[in-house]
Amino acid sequence: MSQIKIHNIETGEIIEREMTAEELFQLEKDNKEAEARAAEIAKKAAEKAALLEKLGITEEEAKLLLA
Amino acid sequence: LFRYGSAFFVADSVETTGLKWVAPAAGGGYTLLTSGTLSSSAVNLTSISASYTDLYLVVSNYKPETDGAVLRIRFNGDTNTRYNWTNASSGGTFNSSYAELNATQDNTVAQGLITVVFRDYSNTSTWKFGVVEGISNAADTATSWNYQPLKVLYNQTGAISEINLFPSSGNFTSGNYYLYGVK
């Protein structure tokens, strides 16, 4: 089970407890979003590398062309 | 009203010249509202006082359990798609259910520092934003840096009374948070 820490600034009280079902659902949703975002970034990086290879230039040379 | 150094030249009909010098009113300064350590899967800072002009959040030595996990933020426990973040002057939609505060962070060496200023966080008529500056240990090579000047964006007008921090994956291993009120 995942835990959550709640720090009440007004009272100074700190509670660490197990996440509720709703919080766990949100955590899983967040993790899936993170995986999807990471996959999208990796895909774009691979596409960029493939394009640079096709053009036969380095990333620095591509930056020079676009500067 | 004219300013010279730290003093102001203001109109005053009582003065024979109609003008007088005045010192600025006392103000400014940071009040530490709370501090603590990052642990669990998420940390919620609740019951934030609305008595300050700005909030200043400092997160030091953030270390995630998962290599490369980014530090994320929400406000007021709001998990709806009402957020975004940007590192440039631009425009767009609020298409995320969180905002991000840094680039990837290594999970073995944590020497990073993230600072966020939330301007006029307690007003109830405008969208909210935070100005982020942060440096972190790159996930692939911990001796390399990631520097992130970001703006976190939130399209709700209610006062920020709660800040929710969580890594993009896994638990916090360690780290510290400090929240200041700024007058």
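This is a predicted model: local features need pLDDT of at least 70, side-chain atom pairs count only at pLDDT 80 or more; totals for chains, interfaces and linings use all residues.

Reader: Which elements of chain A supply residues to the side that touches chain B?

Author: Strand S1 (3-8) and helix H1 (21-55) of chain A each supply at least two residues. H1(A) gives the most, with seven residues. By type, this side of chain A divides into six nonpolar, six polar and six charged residues.

Reader: How many salt bridges does the rule find across the interface?

Author: The rule finds one. In that salt bridge, the side chain of Asp30(A) meets that of Arg74(B), at 2.7 Å from N to O.

Reader: What is the area buried between the two chains?

Author: The size of an interface is often given as the accessible area lost when the parts come together. Here the area buried between chain A and chain B is about 1,800 Å², and carbon and sulfur atoms give 43% of it. In chain A, the residues that lose the most area to chain B are Lys5(A), His7(A) and Ile9(A), together 37% of what that side buries. The contact takes 18 residues from chain A and 29 residues from chain B.

Reader: Which strand of chain B is joined to S1(A), and do the two run parallel or antiparallel?

Author: S1(A) is joined by five bridges to strand S5 (residues 42-46) of chain B, and the two run parallel. Within this pairing, Asn44(B) in S5(B) stands opposite Ile6(A).

Definitions and conventions: Residues are numbered from 1 along each chain as its sequence is written. Chains are lettered from A and ligands numbered from 1 in the order in which they are written. Side-chain values use heavy atoms; hydrogens and water are left out. Contact means heavy atoms within 4.5 Å. Buried area is the accessible area (1.4 Å probe) that two parts lose on being put together, summed over both. A salt bridge is a side-chain nitrogen of Lys or Arg within 4 Å of a carboxyl oxygen of Asp or Glu. Helices (H or I, at least four residues) and strands (E, at least two) are DSSP runs, numbered from the N terminus. Ala, Val, Leu, Ile, Met, Phe, Trp, Tyr, Cys and Pro count as nonpolar, Asp, Glu, Lys and Arg as charged, and the others, Gly among them, as polar. Two strands pair if DSSP finds at least two bridges between them.
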